Amino acid sequence: MSELIKNIKGTKDILAQESVIWQFLEVEIHKFFQKFGFAEIRTPAFEDTNLFVRSIGNQTDIVSKEMYSWIDQGGKNLTLKPEVTASVVRAYIQHNLGKKFSINKLYYIDTLFRRERPQKGRYRQFRQFGVEVIGSMYPEQDAEVIALAYNFYQSLGIKNLKLKLN
């Protein structure tokens, strides 16, 4: 009798009934953030490992324990993205986005990977959305991002939201 092949621990199949919910949420993310002047950015699923070592730090758990990294046939160190900010900043610099717009308001919906030992409710492969605003020197920009996050969740009909700042 052959052994049944299952998904890897820490990953999840998104089947038809749940996929509809994901599609709805993604459409709402696109509509909401575009309404406030954000443009979508999509970066590659993997990057040069040094991007994460330099941006996150060599001593962090993400870099030291949790990245899926390998050396390709050309000898280059590559890593599946454990987070998106470093990739967005890399794209911003590489494509001179600061010369095109003084303030770049970007949002993303992405699949990320962390090689941690999965705990309940945590996954090795997961979806995340977020925003990055690059180019503003005013702290009010941070307040706008926080307010947008709160208002986005409120727009989904989530009740009893509490915003905690530290």
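Start at Asn96. Asn96 is partly exposed, with a relative accessible area of 43%. (Buried means under 20% relative accessible area, exposed over 50%, and partly exposed in between, with a 1.4 Å probe and protein chains only.)

You are looking at a predicted model, where local features need pLDDT of at least 70, side-chain atom pairs count only at pLDDT 80 or more, and totals for chains, interfaces and linings use all residues. Residues are numbered from 1 along each chain as its sequence is written, and side-chain values use heavy atoms, leaving out hydrogens and water.

**Stop 1: around Asn96**

Stay on Asn96. Its phi is positive, about 50 degrees, although Asn96 is not a glycine. Asn96 sits in the loop between H4 and helix H5 (97–100). (Helices, H or I of at least four residues, and strands, E of at least two, are DSSP runs numbered from the N terminus.)

Now step back to H4. Which residues of H4 are buried? They are Ala86, Ser87, Val88, Ala91 and Tyr92.

**Stop 2: the whole chain**

Zoom out. The chain has 6 helices and 6 strands. Read along the sequence, they follow the pattern α-β-β-α-α-β-β-α-α-β-β-α. The C-alpha atoms fill a box of roughly 60 × 40 × 30 Å, taken along the principal axes. Of the 166 residues in the chain, 30% are buried. Contacts here mean heavy atoms within 4.5 Å. Among contacts between residues at least 6 apart in sequence, 66% join residues at least 24 apart.

**Stop 3: the E1-E5-E6 sheet**

Select E1, E5 and E6. These 3 strands form an open sheet in the order E1-E5-E6, with mixed pairing. (Two strands pair if DSSP finds at least two bridges between them.) Its edge strands are strand E1 (39–40) and strand E6 (125–134), each pairing on one side only.

How many bridges join E5 to E6? There are 10, and the two strands run antiparallel.

H1 packs on it and touches E1, E5 and E6; the direction of H1 makes about 160 degrees with that of E5. H4 also packs on the sheet, touching E5 and E6, and its direction makes about 45 degrees with that of E6. (Axes are lines fitted to C-alpha atoms, for helices over the stretch in contact; angles run from 0 to 180 degrees between N-to-C directions.)

**Stop 4: the cores**

Show side chains for Ile41, Val84, Val88, Ala91, Tyr92, Leu97, Leu106, Tyr108, Leu112 and Ile134. These 10 residues form the largest nonpolar core. (Such a core is a set of buried Ala, Val, Leu, Ile, Met, Phe, Trp, Tyr and Cys residues joined through side-chain atoms within 4.5 Å.) Helix H4 (85–94) and strand E5 (104–113) each supply at least two of its residues.

Click on Ile41. Leaving aside neighbours within four places in sequence, Ile41 is in contact with Val88, Ala91, Leu106, Tyr107 and Tyr108. Apart from this core lies another, of 9 residues, including Phe32, Ile109, Leu148 and Phe152.

**Stop 5: H1 against H6**

Select helix H1 (residues 16–35) and helix H6 (residues 140–155). They pack at an angle of about 135 degrees, with their axes 11 Å apart. That makes H1 oblique to H6. (Angles under 35 degrees count as roughly parallel, over 145 as roughly antiparallel, 65 to 115 as roughly perpendicular, and the rest as oblique.)

Is the crossing of H1 and H6 left-handed or right-handed? The crossing is right-handed. (A crossing is right-handed if the near helix is turned clockwise from the far one by less than a right angle, and left-handed if anticlockwise.)

Show the side chains where they meet. Leu25, Glu28, Ile29, Phe32 and Phe33 in H1 meet Leu148, Asn151, Phe152 and Ser155 in H6.

**Stop 6: the E2-E4-E3 sheet**

Move to E2, E3 and E4. They make an open sheet of 3 strands in the order E2-E4-E3, with antiparallel pairing. Strand E2 (46–48) and strand E3 (69–71) are the edges, and each pairs on one side only. From one strand to the next, the twist averages 30 degrees. E3 and strand E4 (residues 77–80) pair over 3 bridges. Pick Ile71: it stands opposite Asn77 in E4.

**Last stop: Asn160**

Finish in the segment after H6, where Asn160 lies. Its phi is near 55 degrees, a positive value in a residue other than glycine. Asn160 is exposed, with a relative accessible area of 75%.
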